[in-house]
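Open the model in your viewer and keep the sequence panel beside it. This tour goes stop by stop: select, look, move on.

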Amino acid sequence: MSNKNTKALAHEKRKGESALSDFAEYVEQQQNLRFPASRRTNVVATSSANDAEHHEELDELFDNLDLADTAPRIPLRDLVLGTDDHTFEKLHDVIAKRIEEGMGETVFELGYENNGDSMNLTADDWNTAYKRLVAAAKAAGADCELLLTKNVGGELEAESTANKPDKGGGCNGKILIRRVPTNVEDVIETRIAVVGNVDAGKSSMLGVLVKGDLDDGRGKARVNLFRHKHEIESGRTSSVGMEIMGYDSVGKVITSDTPGRKLSWEDIGKRSAKVITFSDLAGHEKYLRTTVFGLLSSSPNYCLLMVAANNGLVGMSKEHLGIALALNVPVMVVVTKIDICPPNILQETITQITKIMRSPGARKVPTFIKNHEECINTATQFVSQRICPVFQVSNVTGENLGLVRTFLNILPHHGRYNTDAPFEFHVNDTFSVPFTGTVVSGIVKSGVVHEGDNVLIGPDSLGQFTPTAIRSIERKRIRVPAAVAGQSASFALKKVKRKDVRKGMVVLPKVEGEPNPKVHREFVAEVLILSHATTIKKKYQAMLHVGPVSQTCAIIDIDRELIRTGDRATVAFQFVQRPEYLAPGDRLLFREGRTKGLGIVKAVGYDPNHPLMEKSANGDDQKDQDKPHAGQQVRVSA
């Protein structure tokens, strides 16, 4: 009996996998509508909704080519080799624009024009051009860090041209230009969620990266990351741990001058130009709820999947990978413990990672990073979500950790934030701080907020919002006057008790004369069932996660009789405990133990007088309605 079930399950899983990648593209289009990027034109967002075959990378390419621009353009070669002030001003403008587009940093390819043609620079020309570029960046308030050179020579020469120089290519190189922050608000912030199976070395890896010291193989590096006594005793993370790592404007990791001493968050924040926030999530199966909450509430820009070389992708690793793919977060893989792993087992692990990444559910191209040149090239191309970089490191010997640090330094900023939209903040943790009062932390989803602003926090169990004001704002434990979309921040609230705030609440602006925001107990969502042993009907209950909200939900209506693994359907949900603040376009994930399905909110509120079944009854599905066993699946694979 059990064998029969397992076979059916494996077959259903494959069906769910092929549906996942198609559904992820649909979700991405809906997300463009929910959070339109402020610096991109709205034309792109609307076209992405209408056009099923929308390719974001092509749009970006056309934007960069400036096909509509009819003004004569000065070649970059003339700008970088020019000697007069006019070309210097033009070069300054080009750099300032690129820094703005890259949210505070950009990688400049010196030696190539904008259209990709080679400048054919000699070694002397290249050195002159580099000095001029550094001067122009300085004038724009930025520093330059040379990442890689080709045909130039020196320490950073690429491995491919070090021994046999490329005759026809001319001299070229990649330079990271990063803005020097004038104050703490300008610091670039990238959030990375660290996931993987239990004992994959997640906390140890972060301890080594942040402190700069190597591990002893007995858990020395991870002790500083733990938040509870039982975590130190068992060596297992059970909560969402936060750790930060700072880089200065020339790409150096901010570490303490005293070996073994860990810098405080304030020191790192004040000395950094770019801060990477790691969410250290739990790997054990019994803490899956906490891990799912951490992944959804911290809205990470990237996901770091840790795999122990001697274990491979087992247990919860696949579950975590599935959630990351469902959320459309770019994934990078780090294979740890290569110092204690026999070569044949390591090879098996690598083969397994390649197979899973290339499967129909993931559709990624694994890129194994072995040297500095591959690291730089992959990091600059990582905007394409098809690439999946794979590192092989050891926290004890320190092998290849330098490549991981370099990669994280160049990692382009990735995310969808709109600073022009109304302010919206999602609470993912609450504290009571002596002499400060109630503090809530979370992510600013859209808009800008300042100290002293009047806001509303809610909803409570009755769906009401409480008016309050923001006493002070902190980012990375440093006081700041304002917080903008895409940043994680903590607010101290006036006249609010800690027992009245909880995870999953939202903070919204208070506008005089306007009614309180509407909250809903019912909502309609488009969902995809990933894996479920039997069929799902009305009254089915599961744990639902939407951003920082985690609550039990019941299905009150479906657009057909029943749904199975791999089906896409429109479903009406009802929160069991209390109403929540939702908006169309929010991603959701529901599970019953393991992940069962994912989806996206289509509409808030539900009218029982207009059941979802009516809509499909008008279509061709009516004849199948009496025979649910025939299956009414959406054809997802091409």
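Buried means a relative accessible area under 20%, exposed means over 50%, and partly exposed lies in between, with a 1.4 Å probe and protein chains only. Asn151 is found in the loop between β2 and α7. Its phi is positive, near 65 degrees, in a residue other than glycine.

Two notes on the model. It is predicted, so local features need pLDDT of at least 70 and side-chain atom pairs count only at pLDDT 80 or more, while totals for chains, interfaces and linings use all residues. Residues are numbered from 1 along each chain as its sequence is written, and side-chain values use heavy atoms, with hydrogens and water left out.

**The whole chain**

Show everything as a cartoon. The protein chain has 16 helices and 25 strands. Helices (H or I, at least four residues) and strands (E, at least two) are DSSP runs, numbered from the N terminus. Of the 638 residues of the protein chain, 53% count as buried. Contact means heavy atoms within 4.5 Å. Among contacts between residues at least 6 apart in sequence, 71% join residues at least 24 apart.

**Stop 1**

Two packed helices are described by the angle between their axes and the distance between the axes. Axes are lines fitted to C-alpha atoms, for helices over the stretch in contact, and angles run from 0 to 180 degrees between N-to-C directions.

Select residues 202-211, which form α8, and residues 401-410, which form α15. They pack at an angle of about 75 degrees, with their axes 11 Å apart. Therefore α8 and α15 are roughly perpendicular to each other. The cut-offs: under 35 degrees is roughly parallel, over 145 roughly antiparallel, 65 to 115 roughly perpendicular, and the rest oblique.

Which residues of α8 and α15 meet? Show side chains for Met205, Val208 and Leu209 in α8, and for Leu401, Val404, Arg405 and Leu408 in α15. By class, this contact of α8 with α15 has 6 nonpolar, no polar and 1 charged residues. Ala, Val, Leu, Ile, Met, Phe, Trp, Tyr, Cys and Pro count as nonpolar, Asp, Glu, Lys and Arg as charged, and the others, Gly among them, as polar.

Stay in α15 and pick Thr406. A polar atom of its side chain lies 2.8 Å from the backbone oxygen of Gly402. Leaving out residues up to four places away in sequence, Thr406 touches His372, Cys375 and Ile376.

**Stop 2: α14**

Now select residues 372-380, helix α14. Glu373, Cys375, Ile376, Thr378 and Ala379 are buried there. What do the buried residues of α14 pack against? Their partners are β2, α7, β3, β9, β10 and α15. At the start of α14, a side-chain oxygen of Asn371 reaches to within 3.3 Å of the backbone nitrogen of Glu373.

**Stop 3: α11 and α12**

Move to residues 288-297 (α11) and 316-326 (α12). Here the angle is about 25 degrees, and the axes are 11 Å apart. That makes α11 roughly parallel to α12. The contact joins Leu288, Thr291, Val292 and Leu295 of α11 to Met316, Glu319, His320 and Ile323 of α12. By class, it has 5 nonpolar, 2 polar and 1 charged residues.

9 of the 11 residues of α12 are buried, so it is largely enclosed by the rest of the structure. Among them are Leu321, Ala324 and Leu325. Asn328 follows α12, with a positive phi near 60 degrees.

**Stop 4: the loops**

Go to Ser359, in the loop between α13 and β9. Is Ser359 buried or exposed? At 15% relative accessibility, Ser359 counts as buried. Its side chain reaches the backbone oxygen of Ile356 at 2.6 Å.

Next is Met103, in the loop between α5 and β1. Its phi is positive, near 60 degrees. Met103 counts as partly exposed, at 32% relative accessibility.

Then find Pro459, in the loop between β14 and β15. A cis peptide bond joins Gly458 and Pro459, with omega about 0 degrees.

Finish at Glu512, in the loop between β19 and β20. Glu512 is exposed, with a relative accessible area of 66%. Glu512 and Asn454 are 58 residues apart in sequence and 9.8 Å apart in space, C-alpha to C-alpha.

Notes
Polar contact = N/O pair within 3.5 Å; in protein donor to acceptor, adjacent residues only side chain to side chain.
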